[in-house]
Amino acid sequence: METNPLINNVPEPAQEGAAAILCAATELFAERGFDAVPLSVIAERANVSKGNIFHHYGSKEGLYLAVMKHASGNTASLLADVTRGAGPFAERIRHFARAHLEYLVSHQCVTRLILRELAQGDAERGRTLVEQAFGENFSMLVSIFRAGQQDGYVRPDLDPAVMALALLSGNVFFFQSQPLLPHLASVRFANDPVYYSNMVVNVFLHGVLMEKA
C-alpha cells in the first residue's frame, strides 16, 4: 500500500539552514502554490543546496508540512492562553479573536499561504494537513466553547463547532476584504482590525436583537 509522504514526522527547524529553508519555502508556496514551486527554486532563495532540503525535511511534502505546522503555531499559542487564562470567559474569547486577527494582518505571507491551500489545495494533502497541522487548533477552540457551555457561560443549544468556525471566519474575511473596505460606504474600520474585532465579538457574544424583538 502506498503511503502519503506527508505523514512522516518532520524535524523541528532548529538549525540555521533549516530555518532559512522554512522561510524561503513559506514565501514561495504563498506566492505560487505547492505544485508550482520546485525544490531547486526554494534552495536558491534559501541559499542552500537542494540536498540540504532533503537532509532537513526529507521531501518536498515534508517541507510543506513543516511550513504549515509552523504557520499554525501562533494560533495554538493563543488558544493555550485562552485555556489557561483566569479572566472572564467573554474577555478570553475577545482577546483570542483580537490577537488572532492582528496576527493574520501582520503576517500576510503566512495568511496567504493558508488561504491558498484552503482554496486550491489537493484534497488528500488537505486531509493530512488537517490531521497534522490545523485540526488540533480547531478542536481546541471547539473544546473551549464546549467547556463554556458546561460552565454555564455559553448557550447549550448552540453547536461548538459552528461557533468556532464562525469566529475564525470573521477574521479571515476581514483579511481577504481589507483592500476593498476603504471603498465601501459606512466602513470606518478598514485600517482598524482591533475595532472590527471588538464589534464582531460583541455581535458574536451578545447578538444583534434587542430583547423586545
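Contact here means that heavy atoms lie within 4.5 Å. The model described is a predicted one.

**Helix H1 and its surroundings**

What covers the buried residues of H1 includes helix H2 (39–46), helix H3 (50–57), helix H4 (60–84) and helix H6 (108–120). H1 itself spans residues 16–32 and has 17 residues. From its first C-alpha to its last, H1 reaches 24 Å, which is close to the 24 Å expected at 1.5 Å a residue. The buried residues of H1 are Ala 18, Ile 21, Leu 22, Ala 24, Ala 25, Thr 26, Leu 28, Phe 29 and Ala 30. After H1 comes Gly 33, with a positive phi near 95 degrees.

In soluble globular proteins, nonpolar side chains tend to be buried together. In this model, the largest nonpolar core has 25 residues, and those with the most contacts inside it are Phe 29, Ile 42 and Leu 63. Two or more residues of this core come from each of H1, H2, H3, H4 and helix H7 (123–150). H1 gives the most, with 8 residues. This core lies between domain 1 (12–58) and domain 2 (66–208), because both domains give residues to it.

Which residues does Phe 29 touch, not counting residues up to four places away in sequence? They are Phe 34, Val 37, Ile 42, Lys 60, Leu 63, Tyr 64, Val 67, Leu 113 and Arg 116. A second, separate core has 18 residues, including Leu 141, Phe 145, Ala 164 and Val 201.

**The two domains**

The domain assignment of the protein gives domain 1 as residues 12–58 and domain 2 as residues 66–208. Taken over C-alpha atoms, the centres of the two domains are separated by 28 Å. Across the boundary, 12 residues of domain 1 are in contact with 8 residues of domain 2.

The size of an interface is often given as the accessible area lost when the parts come together. For domain 1 and domain 2, the area buried between them is about 870 Å², with 74% of it on carbon and sulfur atoms. On the side of domain 1, Leu 22, Thr 26 and Ala 30 lose the most area to domain 2, and together they account for 53% of what that side buries.

**Two individual residues**

Ser 72 lies in helix H4, whereas Lys 50 is found in helix H3. Ser 72 is buried, because its relative accessible area of 7% falls under the 20% limit for that class. Lys 50 has a relative accessibility of 44% and counts as partly exposed, since that class lies between 20% and 50%.

Leaving aside residues up to four places away in sequence, Ser 72 touches Ala 133, Phe 134 and Asn 137. With its neighbours within four places likewise set aside, Lys 50 is in contact with Leu 39 and Ala 43. The table gives a C-alpha separation for each of these two residues.

| Residue pair | Separation along the chain | C-alpha separation |
|---|---|---|
| Ser 72 and Thr 111 | 39 residues | 9.8 Å |
| Lys 50 and Ile 21 | 29 residues | 9.9 Å |

Note on methods: Residues numbered from 1 in each chain as written. Predicted model: local features only at pLDDT ≥ 70, side-chain atom pairs only at ≥ 80, totals over all residues. Heavy atoms only, no water. Helix = DSSP H or I, 4+ residues; strand = E, 2+ residues; numbered from the N terminus. Expected span 1.5 Å × (residues − 1). Buried < 20%, exposed > 50% of the residue type's maximum accessible area, 1.4 Å probe, protein only. Core = buried A, V, L, I, M, F, W, Y, C linked by side-chain atoms within 4.5 Å. Domains from an automatic or database assignment. Buried area = accessible area lost by both parts, 1.4 Å probe.
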